[in-house]
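Please work through the exercises below with the sequence and the model at hand. Each task is followed by a worked solution.

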Amino acid sequence: METISENKAFGGTQGVYRHASTATSCNMTFGLFVPEEAQFGPVPVLWYLSGLTCTHENAMSKAGAQGWAAEQGIALIYPDTSPRGDGVADDDAYDLGLGAGFYVNATEAPWASHYRMWDYITEDLPNLVFEHFALDPARQAITGHSMGGHGALTIAMRHPGRFASVSAFAPICNPTESDWGRKQLGAYLGSDETTWAAHDATLLMQSNGFDGPILIDTGTDDQFGDLLKTEALAHAAAARRQQMTLRMQPGYDHSYFFVSSFMEEHISFHADALYSV
């Protein structure tokens with residue numbers, strides 16, 4: 001693992017690191033904020049999964065999360081959104097290829113050789129960070145924005161017992177029924193739509209649910225509202241009687257101005273769950 005940068009922030013350290021990933025068969029970069037409390041023992045962890053076109057850097061620089069995480073003594077992990085580098089397949093469209101891994105393990109050419117973001121987020125990167133940093137694997141939570149919200153919800157629901165809580169900012173909730181999903185799932189996983197269900201939060205809510213609290217914020221002026229399918233997830237949660245708070249925030253759009261406006265509340269939400277473990 002290579003240290004790209006480390007900066008003191010809010011009493012802790014904001015680092016950026018690069019490592020060779022066995023999951024994606026290329027070098028991957030991630031950000032990690034470790035609070036001051038990590039000097040004295042392993043601290044709880046909040047994963048933040050970013051959305052389309054983002055890298056590890058967007059939320060690290062724009063979400064305003066480190067200060068709130070420092071107050072709660074929580075580490076923040078910011079993974080990248082796709083494999084990168086020479087030989088990694090790409091597409092001219094912004095919503096497929098680089099920056100658009102959709103947190104799945106691709107099975108189709110030309111994506112299958114590198115686009116294994118599910119394994120990267122659930123196995124490869126956790127193994128690395130828990131080995132090298134003072135982080136507590138027994139106290140994990142996960143959140144994300146847009147495509148990252150989709151990833152956070154699906155990963156949480158398919159890993160019962162791993163995460164104390166899950167939240168999302170304007171998540172893609174029903175990708176098998178959305179243009180933000182059908183295109184990407186078809187490209188990465190092929191035409192057999194039965195394989196897509198494992199990556200649809202609404203369908204997973206119907207079949208699995210989540211064994212903890214869920215918080216979702218979406219803006220009423222989100223310019224991508226029709227693509228998010230928020231209502232489908234709400235109906236599925238209500239039918240299952242799932243513990244979930246869904247807030248439609250008046251006047252907010254899809255930007256990081258929206259994310260940063262509610263970041264404190266999301267971190268407090270996760271802190272309540274993490275310190276109850």
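The exercises that follow concern strand pairing and aromatic pairs in this predicted model.

**Exercise 1.** Determine which strands pair with strand 4, and in which sense.

*Solution.*
Step 1. Strand 4 covers residues 43-49. Its pairing with strand 6 (residues 135-144) is parallel and runs over six bridges. Within strand 6, Thr 143 lies opposite Tyr 48.
Step 2. Strand 5 (residues 75-78) also pairs with strand 4 in the parallel sense, here over three bridges. Leu 46 has Leu 76 of strand 5 as its bridge partner.
Step 3. As for solvent, strand 4 is mostly covered, with seven of its seven residues buried.

**Exercise 2.** Classify the aromatic pair formed by Tyr 48 and Tyr 78, and state whether each residue is buried or exposed.

*Solution.*
Step 1. The structure contains eleven aromatic pairs. In one of them, Tyr 48 and Tyr 78 have ring centres 6.1 Å apart and planes at 55°.
Step 2. Stacked pairs have planes under 30 degrees apart and edge-to-face pairs over 60, so the rest are tilted. The pair of Tyr 48 and Tyr 78 is tilted.
Step 3. The pair joins distant parts of the chain, since Tyr 48 belongs to strand 4 and Tyr 78 to strand 5, 30 residues apart.
Step 4. Tyr 48 is buried because its relative accessible area is 3%, and Tyr 78 is buried because its relative accessibility is 1%.

**Exercise 3.** Describe the aromatic pair of Tyr 252 and Phe 258 and the cluster that contains these residues.

*Solution.*
Step 1. Tyr 252 and Phe 258 form a tilted pair, 6.2 Å centre to centre, with 50° between the planes.
Step 2. Tyr 252 is partly exposed, at 30% relative accessible area, whereas Phe 258 is buried, at 0%.
Step 3. Ring pairs join Phe 169, Tyr 252, Phe 258 and Phe 262 into a cluster.

Technical notes: Residues numbered from 1 in each chain as written. Predicted model: local features only at pLDDT ≥ 70, side-chain atom pairs only at ≥ 80, totals over all residues. Heavy atoms only, no water. Buried < 20%, exposed > 50% of the residue type's maximum accessible area, 1.4 Å probe, protein only. Helix = DSSP H or I, 4+ residues; strand = E, 2+ residues; numbered from the N terminus. Pairing = 2+ DSSP bridges. Phe/Tyr/Trp six-rings, centres within 6.5 Å; stacked < 30°, edge-to-face > 60°.
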